Amino acid sequence: MTKQVGKVEKYKFEILLKEKFPFKPPVLTTSCPFSNPSLADGRDLLQNILPHVGNDSWRPSMNLSELIKQIPTFVHDVVT
């Protein structure tokens with residue numbers, strides 16, 4: 001008998017790197033309606049995922065791995 005510990009959900013996020021990246025922040029969106037109200041309306045979620053970053057405080061020294069590592073925490077906070 002197999003015991004299911006937890007359900008694994010898959011969410012799709014898109015990271016758009018504009019021409020001036022890393023001097024301009026990436027745009028992060030999702031098309032998955034995993035929250036209510038849905039965040040899948042095309043808005044840039046960068047400020048929600050990295051609230052201390054946002055467009056005004058983005059630094060070229062920040063890297064994408066820092067951003068990607070924060071996505072699971074963001075999803076957990078929004079879903080629960």
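How many helices and strands are there in the chain? The chain contains two helices and two strands, where helices (H or I, at least four residues) and strands (E, at least two) are DSSP runs numbered from the N terminus. Along the sequence these elements follow the pattern β-β-α-α. The structure is a predicted model, in which local features need pLDDT of at least 70 and side-chain atom pairs count only at pLDDT 80 or more, while totals for chains, interfaces and linings use all residues. Residues are numbered from 1 along each chain as its sequence is written, and side-chain values use heavy atoms, with hydrogens and water left out.

Of the 80 residues in the chain, 29% are buried; buried means under 20% relative accessible area, exposed over 50%, and partly exposed in between (1.4 Å probe, protein chains only). The chain exposes about 6100 Å², of which carbon and sulfur atoms supply 53%; accessible areas come from the Shrake-Rupley method with a 1.4 Å probe, and for residues only the protein chains shown count as cover. Among contacts (heavy atoms within 4.5 Å) with a separation of 6 or more, 41% are between residues 24 or more positions apart.

Thr 29 belongs to strand β2, which spans residues 27-30. Thr 29 counts as buried because its relative accessible area is 17%. Apart from neighbours within four places in sequence, Thr 29 contacts Lys 12, Phe 13, Glu 14, Gly 42, Arg 43, Asp 44 and Leu 45.

Leu 17 is located in the loop between β1 (13-16) and β2. With a relative accessibility of 40%, Leu 17 is partly exposed. Neighbours within four places aside, Leu 17 is in contact with Pro 26 and Leu 64. Leu 17 and Leu 28 are eleven residues apart along the chain, and their C-alpha atoms are separated by 9.0 Å.

Ile 15, in strand β1, is also partly exposed, at 32% relative accessibility. Ile 15, Leu 17 and Ile 68 make a nonpolar surface patch of about 230 Å². Patches are made of residues with over 30% relative accessible area and no salt bridge, with like charges joined within 9 Å and nonpolar side chains (Val, Leu, Ile, Met, Phe, Trp, Tyr) within 5 Å; a salt bridge is a side-chain nitrogen of Lys or Arg within 4 Å of a carboxyl oxygen of Asp or Glu.
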